Amino acid sequence: MLKGRSAIVTGSTSGIGLGIAHELAAKGANIVINGFGDAKEIDNIRIGIEKKHGVKCVYSPADMSNPEQIRGMVKLCESSFGSADILVNNAGIQFTGRTEAFPEEKWDSIIAINLSSAFHSMKAVLPGMQKRGWGRIINIASVHGLVASKDKLPYVAAKHGIVGMTKVVALENAKENITCNAICPGWVLTPLVQKQIDDRAAKQGIAVELAAKELLFEKQPSQRFATPEQIGAAVIFLCSETGSAITGISLPIDGGWTAQ
Ligand code: NAD
């Protein structure tokens with residue numbers, strides 16, 4: 001379905017991004033993976049994607065807090081594969097704490113990586129998409145793009161911003177066969193969430209398994225984590241011909257979190 005297309009997935013050395021990269025590659029897209037980690041492990045991920053799905057995969061080490069490097073990542077995709085047809089803005093970080101005590105440098109880095117990076121990457125891919133008359137942009141926001149939780153001020157601000165930017169880009173490109181949508185996951189068990197579970201277990205002096213159960217119980221009525229594969233499947237749907245009339249939406253995949 002996506003043979004001949006090429007996709008950039010930011011923050012795809014782990015968690016949700018890695019799941020999305022595999023789903024896109026399984027449909028035939030060439031992939032630019034991006035993110036931090038051990039060089040050997042990243043190369044294994046890259047080669048693994050190529051072998052498993054029979055596509056080409058290149059790695060961009062771009063830091064999503066650096067606009068110049070973000071432009072470099074888009075150029076790498078265009079020079080490697082001829083175009084950047086699909087952009088998935090997924091890289092993100094988390095840090096929790098009450099507003100009055102929130103470290104200012106953490107505000108700066110969350111806003112840079114979780115919000116501004118998507119502006120810079122969309123700005124860089126849009127001219128090529130407009131020239132070719134086809135493009136799919138999927139921004140991985142969060143339920144925290146739609147509702148709030150305490151102790152997450154910069155994250156909630158960034159994700160609400162992502163939902164807003166998604167609508168603007170969708171409107172500006174509605175006639176051009178370029179869609180721009182956001183996906184809003186609830187809890188997905190990745191290293192980003194595992195850290196929150198571990199912190200909770202340590203703080204309350206309880207087992208990690210119990211902390212995970214409590215975390216789900218508080219917010220996610222399904223009482224089950226969503227999976228990176230489920231998020232990837234939604235990305236595929238939004239990239240498909242069937243999904244081509246969908247633009248500007250924010251799709252919760254949250255086990256009922258935002259229905260409450
Ligand atoms: P993760 O920690 O498993 O993966 C994050 C990825 O981003 C990694 O590949 C990491 O190397 C990369 N990254 C971090 N900082 C970067 C930077 N400066 N430049 C480039 N890459 C960078 O986290 P995840 O849970 O898979 O989260 C992925 C996205 O999904 C994030 O935007 C997160 O906010 C969002 N999200 C996650 C959940 C969840 O429950 N896990 C829920 C809602 C939204």
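The legends below describe close-up views of a predicted model.

Local features need pLDDT of at least 70 and side-chain atom pairs count only at pLDDT 80 or more, while totals for chains, interfaces and linings use all residues. Residues are numbered from 1 along each chain as its sequence is written, and side-chain values use heavy atoms, without hydrogens and water.

**View 1. An open sheet of seven strands with parallel pairing.** The strand order is E3-E2-E1-E4-E5-E6-E7. Strands (E, at least two residues) and helices (H or I, at least four) are DSSP runs, numbered from the N terminus. Two strands pair if DSSP finds at least two bridges between them. Strand E3 (57–60) and strand E7 (250–253) are the edge strands, each pairing on one side only. From one strand to the next, the twist averages 20°.

**View 2. Strand E2 (residues 30–34) beside E3.** Four bridges join these parallel strands. Asn34 has Ser60 in E3 as its bridge partner.

**View 3. Strand E5 (residues 135–140), mostly covered.** Gly135, Ile137 and Asn139 point one way from E5. Arg136, Ile138 and Ile140 point the other way.

**View 4. E5 and its parallel partners, E4 and E6.** Strand E4 (residues 86–89) is joined to E5 by four bridges. Leu87 stands opposite Ile137. Six bridges link E5 to strand E6 (residues 178–185), where Ile183 is the bridge partner of Ile140. E4, H4 and E5 make a right-handed β-α-β unit. E5, helix H5 (residues 153–172) and E6 make a right-handed β-α-β unit too. A crossover is right-handed if, with the strands pointing away from the viewer, the path from the first strand over the helix to the second runs clockwise.

**View 5. Helices H1 and H5 on the sheet.** Helix H1 (residues 15–26) lies across strand E1 (6–9), E2, E4, E5 and E6, at about 175° to E1. H5 touches E5, E6 and E7 (contact: heavy atoms within 4.5 Å). The direction of H5 makes about 160° with that of E6. Angles run from 0 to 180 degrees between N-to-C directions, and axes are lines fitted to C-alpha atoms, for helices over the stretch in contact.

**View 6. Helix H3 (residues 67–81) against helix H4 (residues 104–132).** Their axes come within 9 Å and cross at roughly 40°. Pro67, Ile70, Arg71, Val74 and Glu78 in H3 meet Ser117, His120, Ser121, Ala124 and Val125 in H4.

Notes: Buried means under 20% relative accessible area, exposed over 50%, partly exposed in between (1.4 Å probe, protein chains only).
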